[in-house]
Amino acid sequence: MNGADMDGTGVNVTGVNVTAADVSDVERARGKPSVAPGVRLGRVSFVWRPWLAGVTLLLAAAAFLAFCLSIGVGDFPIALPQVISTILGRGEQVDEFVIMDLRMPRALAGCVVGVALGVSGAITQSIARNPLASPDILGITWGAGAVAVFLVTVSGGTATAVVNSVGLSGAALAGGLGTGLLVYVLAWRRGIDGFRLILIGLCVSAVMEAVTTWLLVTADIRDVARAQAWLIGSLDNRSWDDVRVALWCTLALTVVVAAVAFQFKPLHLGDDVAAGLGVRHTVVRAVLLLCAVLLAGVAVSAAGPVSFVALVAPQVAMRLTRCPTPPLAASGLTGALLLVGADLVARTALPITLPVGVVTAAIGGPFLVYLLVRANLR
Amino acid sequence: MEHLTGSAAGGGDTARLAARGITVGYGGRIVIDGLDVSVPPRVITTIIGANGCGKSTLLRTLSRLLKPVRGSVVLDGDDIARLRTRDVAKKLGLLPQAPVAPEGLTVADLVARGRHPHQSWLRQWSSDDAAVVERALAMTGVSDLADRPVDALSGGQRQRVWISMTLAQGTDLLLLDEPTTYLDLAHAIDVLDLVDDLHESGCTVVLVLHDLNLATRYSDNLIVMKAGAILAQGHPRDVITADLLREAFGLRAEVIDDPVGDRPLIVPIGRAHVRPDRMDKDTVQVRLG
């Protein structure tokens with residue numbers, strides 16, 4: 001009883017019978033088709049969205065430019081063409097040392113952390129179907145912060161041993177992931193409901209924040225200064241060792257996200273519709289949410305809790321690309337641009353050097369408000 | 001039963017979709033217990049019943065959204081739980097209750113998502129897909145709205161668009177859960193006329209509907225449920241009687257000939273504004289003091 005043996009008068013391309021007369025009538029009545037055209041390259045085919053592709057490319061170019069500018073700026077300024085030729089491996093020896101050994105780690109850390117936060121934010125906002133959802137709210141940031149502050153302020157045998165063996169960043173990463181998973185488990189009730197996820201994330205974050213504050217109030221004043229420095233995200237004093245781990249983790253995770261992204265698209269329409277379209281939504285969502293938590297954890301361990309990027313980058317990317325849902329690639333690139341740009345501003349335009357976490361909020365917030373207001377005025 | 005094809009009542013091998021002894025519940029609470037039903041091919045089957053009788057649960061189980069605790073759902077001879085959900089999606093289209101599209105998503109893009117089961121990571125869009133989507137838009141009469149955001153449409157248009165997405169899936173078996181909810185009568189009729197067009201073009205359709213007269217008018221096969229079990233099944237002319245309505249819904253009603261259709265028409269009797277000679281004895285006594 002499949003489409004094949006149905007009456008022969010109809011055109012049967014897909015199983016639904018449409019009589020030839022119907023189609024030609026309607027097609028005559030209509031003008032140009034408004035369904036997005038497809039592009040085919042060998043076995044690969046995709047929807048041709050020139051605006052999305054163009055904006056994404058522009059964002060990539062802008063992020064690369066900011067990356068190069070960030071490398072060029074410093075006590076020993078290097079012009080942009082020299083920076084680019086050195087990165088491409090055709091520079092002079094002196095430049096190469098300054099660029100590759102001294103400045104590259106900081107700029108690269110900015111890019112990696114920005115991409116990780118942008119993608120992480122895009123995933124959480126899509127899964128929760130709520131623009132407020134971000135790794136900050138899911139407890140990852142404050143979980144990492146609480147662990148870091150605990151290790152800094154409580155100087156005891158165990159704490160010192162932990163810091164010596166895995167490093168402060170590693171321990172913070174574990175704290176962030178643990179908190180993220182705790183939130184996920186607590187929010188689980190025959191599947192994940194976005195609203196419940198946000199509420200539980202908020203509660204767990206508040207507890208972690210309270211623990212952090214309590215530790216800071218009772219701690220020795222010198223430890224507090226160190227802890228505070230960690231709590232405001234910063235890209236200062238990054239070494240290749242710090243960056244390498246974050247870089248590879250982020251690359252691996254973005255590959256996983258890209259592989260699952262295709263199955264992710266129908267989830268924007270809700271669980272039931274996605275299931276009807278043949279998506280194993282619980283598996284897809286669990287994998288992606290785990291990736292989001294890991295990406296946010298990597299970002300926190302590399303730069304500390306840089307606020308606002310994960311919240312703002314997907315929203316900015318959505319409005320720039322005119323997509324109804326956060327675009328993954330563009331969100332990552334926006335995150336990188338925002339973070340590297342903020343770091344650049346923090347080091348050059350301001351009379352005092354501020355940690356990057358302060359500047360991301362100061363730039364990202366107003367820009368998002370501007371985009372929202374512009375949308376209202378239309 | 002002469003209106004039905006042989007398989008309709010019995011649930012033989014010709015049924016596209018059938019439930020065999022399914023028990024379904026939500027976290028320990030059993031809603032349906034040991035139910036058998038089969039969906040006859042190429043007709044419109046509508047599940048009706050009082051609120052909470054398990055009709056949506058049955059539809060969700062038939063569409064593999066809910067996994068039965070016991071028993072199985074059989075699609076074209078295969079246990080639906082053993083099929084890849086993607087392969088099921090190529091045979092069975094589903095429109096859940098009151099779906100919500102992301103703000104700003106255009107009609108064409110939403111309908112295009114219906115092609116998902118036929119796509120893969122590498123093959124995300126082909127000229128076939130575009131042709132099928134255009135046809136789905138045309139069949140549901142929403143081609144002119146293709147560039148509009150879904151959230152800017154009226155309820156009736158929006159429902160047409162969602163049905164269009166289900167059509168783009170390219171299945172000839174469609175399960176629609178309350179497609180007329182929140183629609184005024186004119187738009188409800190409009191949507192059901194569309195469903196009948198699909199049926200005429202060879203689709204097998206299963207609906208859940210609240211409005212009994214619409215269900216009677218548009219279905220060839222009614223499944224009447226009460227407390228998780230099937231009370232009656234068959235053509236509306238055979239099934240819909242005053243006694244059945246009293247038993248299934250606790251509704252007192254008269255069943256008359258539909259002046260414009262060839263089906264019965266249900267005229268509910270409440271307590272207010274009913275002519276005294278048609279009132280229930282108890283009600284008459286109360287009213288007359």
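This is a predicted model: local features need pLDDT of at least 70, side-chain atom pairs count only at pLDDT 80 or more; totals for chains, interfaces and linings use all residues.

Colleague: Okay, what percentage of the 378 residues in chain A is buried?

Modeller: A residue is buried if 20 or more other C-beta atoms lie within 10 Å of its own, exposed if 12 or fewer, and partly exposed in between, with C-beta atoms placed from the backbone. On that count, the buried share of chain A's 378 residues is 48%.

Colleague: And how many helices and strands does chain A have?

Modeller: Helices (H or I, at least four residues) and strands (E, at least two) are DSSP runs, numbered from the N terminus. By that rule chain A comes out at 14 helices and four strands.

Colleague: Is A:Ile99 buried or exposed?

Modeller: A:Ile99 sits in helix α4 (residues 93–128) of chain A. Two residues are in contact if their C-beta atoms, placed from the backbone, lie within 7 Å; leaving out residues up to four places away in sequence, A:Ile99 touches A:Ile71, A:Ile78, A:Val83, A:Thr86, A:Gly91 and A:Met104. Because A:Ile99 has 22 C-beta neighbours inside 10 Å, it counts as buried.

Colleague: How do α5(A) and α7(A) run, roughly parallel or roughly antiparallel?

Modeller: The axes of helix α5 (residues 140–153) and helix α7 (residues 194–218) of chain A come within 8 Å and cross at roughly 20 degrees. Axes are lines fitted to C-alpha atoms, for helices over the stretch in contact, and angles run from 0 to 180 degrees between N-to-C directions. Angles under 35 degrees count as roughly parallel, over 145 as roughly antiparallel, 65 to 115 as roughly perpendicular and the rest as oblique. So α5(A) and α7(A) are roughly parallel.

Colleague: By class, what residues make the contact of α5(A) with α7(A)?

Modeller: Among the contributors are A:Trp142, A:Val149 and A:Phe150 from α5(A), and A:Met208, A:Val211 and A:Leu215 from α7(A). Ala, Val, Leu, Ile, Met, Phe, Trp, Tyr, Cys and Pro count as nonpolar, Asp, Glu, Lys and Arg as charged, and the others, Gly among them, as polar. The tally for this contact is eight nonpolar, five polar and one charged.

Colleague: How many residues does each chain put into the contact between A and B?

Modeller: The contributions are 42 residues from chain A and 50 residues from chain B. On the chain A side, α1 (20–29), β3 (38–41), β4 (44–47) and α10 (271–276) each supply at least two residues. That side divides into 21 nonpolar, 13 polar and eight charged. So much for the classes; the counts you wanted are 42 from chain A and 50 from chain B.

Colleague: Over to chain B: which residue in the hairpin of β1(B) and β2(B) takes a positive phi?

Modeller: Two strands pair if DSSP finds at least two bridges between them. Strand β1 (residues 17–26) and strand β2 (residues 29–39) of chain B pair in the antiparallel sense over seven bridges, with B:Gly25 opposite B:Ile30. Two residues lie between the strands, and the one with phi near 50 degrees is B:Gly27.

Colleague: What is the strand order in the open sheet of six strands in chain B?

Modeller: Its edge strands, each pairing on one side only, are β6 (92–95) and β10 (229–234) of chain B. Inside it, strand β7 (residues 173–177) and strand β8 (residues 204–208) of chain B run parallel, joined by five bridges. The pairing overall is mixed, and the order is β6-β7-β8-β3-β9-β10.

Colleague: Which helix packs on that sheet, touching β3, β7 and β8 of chain B?

Modeller: Helix α6 (residues 155–168) of chain B packs there too, but touches β6 and β7. The helix touching β3 (44–49), β7 and β8 makes about 155 degrees with the direction of β8(B), and is α7 (residues 185–200) of chain B.

Colleague: Last one: is B:Tyr182 buried or exposed?

Modeller: Most residues other than glycine have a negative phi. B:Tyr182 has a positive phi near 70 degrees, and lies in the loop between β7 and α7 of chain B. Because B:Tyr182 has 12 C-beta neighbours inside 10 Å, it counts as exposed.

How values were computed. Residues are numbered from 1 along each chain as its sequence is written. Chains are lettered from A and ligands numbered from 1 in the order in which they are written.
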